[in-house]
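Student: I am new to this structure and would be grateful for a close look at a single part of it. Please begin with one residue and its surroundings, and then widen the view step by step.

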Amino acid sequence: MTRISSGKTLALRIAGRAASAVVVLWGAVTVAFVAQLLLPGDRATVILNIRAGQPQERTPDELAPIIAQFGLDRPEIVQYLDYLRGIVTGDLGTSYQQFRPVSAIIGEQLGATVILSLTAITIAWLLMVAWVTLTAGRGPRVGAAASAVDVTAAGLPAYWLGIILLLVFALGLHWFPVIGGTGLSGLVLPAFTLAIPLAGFLSQATRTEFERSLQQPFVLTARLRGMGDTGVRLRHVLRHAILPAVTLTGWALGATLSGAVVVESIFSRPGIGSVLVGAVNSHDLPVVVGIVTLVAAFYVIANLLVDVGYTIVDPRLALV
Amino acid sequence: MTAVRESDVPTTAGRPPRRRPPVDLVASLVLLGVFALAASVPQVLATHDAFAVDYHAALQATSLSHWFGTDESGRDLYSRVVFGSRESLLIGLGAAGVGIVAAIVLGALAALGPKPVAVVIDRFVEVLFAFPALLMALLLISVAGPSALTQILAVGAGTAPGYARMVRGQILSAKRSGYVQAAVALGHSPARIVRAHILPNALRPLVAIFALSVGQSIVWASSLSFLGLGVAPPSPEWGALLDAGRAYIVQAGWLVVIPGLVIVALALAATTVGRHLQTGLEKGEK
């Protein structure tokens with residue numbers, strides 16, 4: 001009996017989370033659509049000028065095909081509903097500048113950025129686990145020094161860290177290519193640029209929990225069984241301590257995807273970040289809005305998965 | 001548990017409370033003082049004319065006459081950093097101010113407004129929170145075009161949702177506290193309770209948050225200039241210095257390393273002060 005009812009609460013909880021994620025996504029799409037309407041001036045003229053790269057007066061003859069193509073003569077609410085319908089079917093509109101579907105432009109570039117982002121998160125986790133296991137609970141001095149490192153790493157701006165890594169490892173030591181660099185060797189420096197501050201954030205979240213877990217009775221039990229200190233830390237303490245960092249990982253996906261904007265610019269890497277910077281410069285709003293909405297969607301879905309994963313892993317949460 | 005850790009605990013607990021202010025706080029305050037001085041009277045600290053072009057002295061490394069080296073037009077980088085501090089600080093402070101004020105308004109409405117308003121605002125903040133700060137800023141800039149003012153508004157709008165959630169939480173916990181219940185029992189009007197009890201207690205932690213936010217805002221704002229989407233070169237604003245220096249990274253690395261280091265130092269100093277304020281306020285409450 002109890003099992004059935006708790007299964008139901010779990011399903012209800014997940015459904016509730018999913019519903020609220022849909023509401024947030026719809027809101028994000030709406031905010032992004034409204035931004036397009038705010039572009040000053042007549043939209044058809046603006047689109048033509050963006051395409052030509054220079055502002056000038058346009059004749060009605062020039063404007064007519066643009067108005068027809070983008071459906072600008074319809075009331076805003078119809079355009080909005082049309083936009084919503086497009087989003088559901090994966091149609092993000094047409095670029096003002098390139099006159100191609102936004103989904104095609106993003107599709108070409110998304111892979112590179114997602115690989116960068118996932119690599120960075122993986123490296124950040126490895127750095128964090130090694131660093132915290134090594135330094136947590138080693139007395140107040142080591143603790144203070146290690147948290148100072150956490151805080152500093154977390155505060156390093158991506159552009160500066162990226163340039164330092166570039167100067168030292170690409171220009172100085174010639175270990176990695178300076179720009180572009182297809183394949184694995186070109187991925188290392190950009191990924192570390194994103195991973196080091198992220199590892200700082202994750203360490204801050206894990207360290208407190210790690211030190212609390214070290215005081216737990218099960219640590220004493222494991223030690224009495226004759227387990228070594230490193231073994232206890234890795235096999236028992238770490239498992240308890242990483243929960244806050246797991247929560248942060250949903251946020252980290254959004255953070256690395258937006259950090260990719262800066263990093264791709266430093267290392268001249270292809271990806272949605274460099275497309276975004278170009279689009280912002282030329283007021284190509286459908287592209288900007290498409291990328292921003294996509295990242296918001298990634299963020300919301302990642303957090304939903306983390307939430308659901310939590311509920312399944314930790315049965316106490318299903319009872320709340 | 002090891003013997004080392006057990007012996008460590010009593011020594012820390014038994015140590016008398018320190019009277020001397022912590023070193024990192026003093027260092028941060030001194031650093032912030034220097035930046036404030038540079039922003040208000042740059043001509044006192046600068047060694048050269050920050051805008052004087054001298055092509056014979058182009059791209060010189062750091063030396064006694066040019067402490068931070070020179071840029072591609074022979075301008076003294078140290079003096080440019082000094083003269084850029086006013087605009088950089090104003091953008092950072094402005095953005096942090098915009099973010100905090102927007103956060104207070106949204107957070108207060110979400111916590112104290114009538115039920116339908118509160119629910120709508122709460123959802124709205126959650127929607128905005130789904131946009132990473134930098135992307136929110138880029139969305140605004142793509143509409144309004146790059147400028148110092150857009151930069152302030154964009155960074156402020158990017159950071160506001162996170163802080164709005166914090167303000168809402170603070171107000172809600174103040175609302176549930178014993179002193180508010182006592183004031184309700186005494187028959188005080190809701191307006192008076194909000195003004196006299198809830199807002200002062202809920203907003204006090206924001207002093208620390210503001211300091212933390214200034215550090216963060218300066219980093220975001222300079223990221224935008226670095227991408228060429230904020231204040232543009234030849235302005236000596238720090239992000240613009242980075243943007244201008246990028247082209248010379250191979251020949252003259254200092255043109256990007258030093259302005260970056262200045263931004264990191266300022267951001268760390270503001271963060272350190274914010275953290276100390278935070279712990280100080282928490283201790284004060286106990």
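Tutor: In this predicted model, Val288(A) has contacts on both chains once its neighbours within four places in sequence are set aside. From chain A the partners are Leu276(A), Ala279(A) and Val280(A); from chain B they are Leu138(B), Leu139(B) and Ser142(B).

Val288(A) also belongs to the largest nonpolar core, which has 161 residues. Val288(A) is listed among the residues with the most contacts inside that core, together with Ala28(A), Leu198(A), Val292(A), Ala137(B) and Leu138(B). The element that gives the most to the core is H4(B), with 17 residues. Helix H4 covers residues 77-112 of chain B and has the highest mean pLDDT among the elements of that chain, 89.

The view may now be widened to the contact between the chains. Chain A brings 42 residues to this contact and chain B brings 36. On the side of chain B that touches chain A, at least two residues come from each of helix H1 (3-14), helix H5 (115-129), helix H6 (133-144), helix H10 (206-226) and helix H12 (254-285) of chain B. H12(B) gives the most to that side, with eight residues. Sorted by class, the side of chain B that touches chain A holds 26 nonpolar, six polar and four charged residues.

Chain B as a whole forms the background to this picture. Its secondary structure consists of twelve helices and zero strands. The C-alpha trace of chain B spans about 80 × 60 × 40 Å along its principal axes. Of its 286 residues, 47% count as buried. Where contacts in chain B join residues at least 6 apart in sequence, 66% of them link residues at least 24 apart.

A word on confidence is in order. The mean pLDDT of chain B is 82, with 92% of its residues at 70 or more, and the model scores ipTM 0.81 and pTM 0.81. H1(B), by contrast, has the lowest mean pLDDT among the elements of chain B, 46. Over residues 1-14 of chain B, pLDDT stays under 50, and the model has eight contacts beyond four places in sequence for this stretch.

Helix H3 (residues 60-70) of chain A lies largely in the open, because the number buried among its eleven residues is zero. After H3(A) comes Gly71(A), with a positive phi near 65°.

How values were computed:
Residues numbered from 1 in each chain as written. Chains lettered and ligands numbered in written order. Predicted model: local features only at pLDDT ≥ 70, side-chain atom pairs only at ≥ 80, totals over all residues. Contact = placed C-beta atoms within 7 Å. Helix = DSSP H or I, 4+ residues; strand = E, 2+ residues; numbered from the N terminus. Nonpolar A, V, L, I, M, F, W, Y, C, P; charged D, E, K, R; others polar. Buried ≥ 20, exposed ≤ 12 C-beta atoms within 10 Å, placed from the backbone. pLDDT = per-residue confidence, 0-100. Core = buried A, V, L, I, M, F, W, Y, C linked by C-beta atoms within 7 Å.
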